[in-house]
Each structure stands twice: as structure tokens, then as C-alpha cells.
Amino acid sequence: MTSIQNKLVQNLPSYIKPVANHLQKQEAKGGASLANSRFIQDTLTNFAPKAVFSRSKADFFDMGFLELSESMLVYYCPTFIGEKIFRKAYSKGLDTNLSKQISKPLETLKNSTLRQEELNKIKPVKAAIALSSMFIPLTEYTLNFFKNLFTLKLFKQADFDNIANLNKSKEKNEDKQKQDKVKNSAIKNIIGAGAAFAGLVGLSLLVLKKGENSKTIQKLTDFILTPGDVLFKNNEKARKTVNKYFSLDFADNNGKLGLGHGQLTACVLIGGLGYFKAAHDRGKQNFLETLFRYPLVGFYVITGSELLEKGFKKILKDKKGYKEIIDSNLNVKKFSELSEIAQRLAKENKTDINKEFKSLVSKKTIIGAVPFAFSIAVMGLFVAGISRAFTQYRYNQEQKEKAKNSQNNFLTFDSFQKSLNVK
């Protein structure tokens, strides 16, 4: 941080200075090191709203276990699993120069000065790391089954109607057969995910060993790392979209591996299978609640939040003050650049540099704060609240229908008895 920037930050009003300090620290850490702040942000967006609408102790711990473990998996595991384990293990055969290229996406490497034979050496290593790192979405798949086992062990409950307190009676009757079904299904699916991971590690080792000299495996690595290049060679838009959302390649975080967009998609899609299966095991209402909520949240996680941020920046970019910090590609200027911009604006407008800097910091804050507020208010509070309200409504209607059918059956039986007496 320059002395000018430091002075400008110190001169900010007390209500905005903590925000400026946060933005500075966030930028200084960069890339995957932002895991802590993103973990906190995701917890506020997902965990907090659901905690507000929790329906029982079991529901609170049920949801808390899932949300916190998911966030830890997504924000902390990519660097640990990809960088410290598989990159370290799989890149031993590369020379120092090529080893440094591992963090760069294959799409970037294809447009670099690397020779084809160098690419052929790097691609199997990158593909092997990506395949082994499917540990992350596969673990995401198992979390819902671990959650079911956790709730069954701690609260002795497997019936979602009881967990969500849909049945308001104090006595929560549990079916032993259902509990066994939930337990056995959870164990079966966890073992299945473990077997799938073992298979992927085996494939990784094969790719690593044979990849450099095998045309077939080279094509496979292209499909894993740049699927758009394989499937849509003649359609640039489709090629870029598929590469972005379905590549299993890691993102580059200042030379280290970070969770790629396609890996996030894999987490949502594969994790979604676990969500629906585990919900189905615990009952109709759990499945229907998941069916209502998960597609909305999944779409928002994969692309919705990005679309919202881009749309918001498009609205702001030509407005006074914002055009100074949002460029034509909708990239927002770094905090370290604000002091220089403030100096230029103060000179052009003949105004106080502290005033200009304060305005820039405020606008940069708004650019990030509004989408974040939307996440909490709509994707957090609204979706959590409305999904729970619909679940209770469906349950109540189901109970009324059962009571009505029971009464009709009784009346029919009663009429039948009377007809026998008459005869």
C-alpha cells in the first residue's frame, strides 16, 4: 500500500474506514486465499437465513451440518486436495518450468508459446489432477447421507415430517423400518461414492502414465479440460460456454490451484443427485421441498449470481462516478488503483482528493454490496422461507385429504353395516 493510499484511507470517515480496510485486505490476499471471507459470506447467505426458519432442533442441526460442511468443502478443499496433494504427487515428472504452468487453464496454455510436445506433457498431469479432484463433488454427494446418519444418531429421527416438525404433536412416532431404510441407503451411497473415487484415481494414474504418448488419452485430456473445444469446434459461443461451465480444470489463483467454474458446476450437479436421493429416503415432503428449492439455488450458484453482478454493473457503468471504476469489460478497478484515480479526478474537477477517494470507495462498496444483499434477501431468506411455508401447506393439505378419506371409508362401512342389519 502506497503512502498516499494509506493517508487517504486514514482520512476516511469512521463509518466507511472498516469497509476500506476490508477491501484492502481482501485484495492483498487474492485468489484462493479469500477462502475465509468467502466462507463467511456463504455462511451468511445460506446458513443464517435457514437458521432463522429452522423448525426444530433436529432441523437446525440437520441444516447446520450440511451448510457448514458444504462451505468448508467448496472453499477450503480445492487448494488442499488439488494443490497440496495431487499437484505435488502428479507433477514430479515435469521440469521446473512446465511444473509452474500446471495452475494455468489448458485454454490459456493452448494460446501460449508452449510447444506441442510440452503441452502433451502437461495435459495428462492436469487431467489426472482434475480427475482425482472429483473427490470434491463426490464428497458433496455424500454429505446429505452423512447428514441423515448424523440426525438419526443424534435425534433418533429419520422421518422428515418429525424432523421438520410438520406434525405439531409432541409425540413424534418413528417407524423402525424407515430408520433402517434411511441408514442402509446412506451407507450404501457413501460406499458407492468411495468406489467411484477409487475408480477415478485409477483412471488418473493411467492418464498420467500413458498420456504423453497416447493419442486416445490426449483426446480424453482435451475433453476433460476443454470439452467445448472437442464438442463445438465451429461454434465459438458454445465452445466458450461449455469450457467455462463444464471443464474440470482448476482456476489459476496466482500460480496456485483454485476451484474452477466447471468444478463448481460438478459440485452442484453431482451434489444435487445426493440431495434428491437422501431427501427421497426421508419422505415425500423432504423430496418436494428439495425439488422446489435446489434448482433455484443450484442455478444461482452456477451462473445466476454472475448474471446478477454483470447486470448490475451494466446498469452502473455509465453513471457518474461509476464509469471511473468499471471498464468496458465490466471489470471493477482494484482498491489499490483508487488513490491514483482520486488524484486524477481531484485535479480535473479541482476538488479535494479525500472527497474523491471517499466517493470511489463508496461506489466500489455498492458494486459488491447490492448483489450480496440480494443473495441474503432473495436466495437466502425468501427461498428458505417460501420453501418451508409450501412444505407445511402441502403437509396440512395431505393430512386433511387423509382425514377426509378416512371419514368417507368409515361412512361407507357404517352404511354397509346398516344395510346388513336391515336385511
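Leu330 is buried, with a relative accessible area of 11%. That value counts as buried because the cut-off is under 20%. Leu330 sits in the loop between α15 and α16 (335-349). Its backbone deserves a look too. Phi of Leu330 is near 65°, a positive value in a residue that is not glycine. Keep in mind that this is a predicted model.

Now go to Lys350. Lys350 also has a positive phi, about 55°, and is not a glycine. Its place is the loop between α16 and α17 (353-422). Is Lys350 buried or exposed? Lys350 has 78% relative accessibility, so it counts as exposed. The cut-off for exposed is over 50%.

Find Ser54 between α3 (35-52) and α4. At 25% relative accessibility, Ser54 counts as partly exposed. Which residues does Ser54 touch, leaving aside its neighbours within four places in sequence? They are Asp59 and Phe60. Next, compare Ser54 with Cys77. The two are 23 residues apart in sequence. In space, their C-alpha atoms are 28 Å apart.

Step back to the whole chain. It has 423 residues, and 45% of them are buried. The secondary structure comes to 17 helices and two strands. Along the principal axes, the C-alpha atoms fill a box of roughly 105 × 65 × 40 Å. The accessible surface comes to about 23,200 Å². Of that surface, 59% belongs to carbon and sulfur atoms. Contacts tell another part of the story. Take those with a separation of 6 or more: 66% of them join residues 24 or more positions apart.

Next, look at how two of the helices pack. Two packed helices are described by the angle between their axes and the distance between the axes. Helix α7 covers residues 116-132, and helix α10 covers residues 176-210.

Which residues of α7 meet α10? They are Pro124, Val125, Ala127, Ala128, Leu131 and Ser132. On the α10 side are Phe197, Leu200, Val201, Leu203, Ser204, Val207 and Leu208. By type, the residues of this contact divide into eleven nonpolar, two polar and no charged.

In soluble globular proteins, nonpolar side chains tend to be buried together. Here, the largest nonpolar core has 39 residues. Within this core, Ile129 and Ile224 touch the most other members. Several elements give two or more residues to the core: α4 (57-90), α6 (106-110), α7, α8 (135-155), α10, α11 (215-225), α14 (261-282) and α15 (284-316). Which element gives the largest share of this core? The answer is α7, with eight residues.

Zoom in on Ile129. Set aside its neighbours within four places in sequence. Ile129 is then in contact with Gly82, Phe86, Arg87, Tyr90, Ile102, Phe250 and Leu257. There is also a second, separate core, of 21 residues. Among its members are Tyr322, Phe335, Ile341 and Phe357.

Note on methods. Residues are numbered from 1 along each chain as its sequence is written. This is a predicted model: local features need pLDDT of at least 70, side-chain atom pairs count only at pLDDT 80 or more; totals for chains, interfaces and linings use all residues. Side-chain values use heavy atoms; hydrogens and water are left out. Axes are lines fitted to C-alpha atoms, for helices over the stretch in contact, and angles run from 0 to 180 degrees between N-to-C directions. Helices (H or I, at least four residues) and strands (E, at least two) are DSSP runs, numbered from the N terminus. Contact means heavy atoms within 4.5 Å. Ala, Val, Leu, Ile, Met, Phe, Trp, Tyr, Cys and Pro count as nonpolar, Asp, Glu, Lys and Arg as charged, and the others, Gly among them, as polar. A nonpolar core is a set of buried Ala, Val, Leu, Ile, Met, Phe, Trp, Tyr and Cys residues joined through side-chain atoms within 4.5 Å. Buried means under 20% relative accessible area, exposed over 50%, partly exposed in between (1.4 Å probe, protein chains only). Accessible areas come from the Shrake-Rupley method with a 1.4 Å probe; for residues, only the protein chains shown count as cover.
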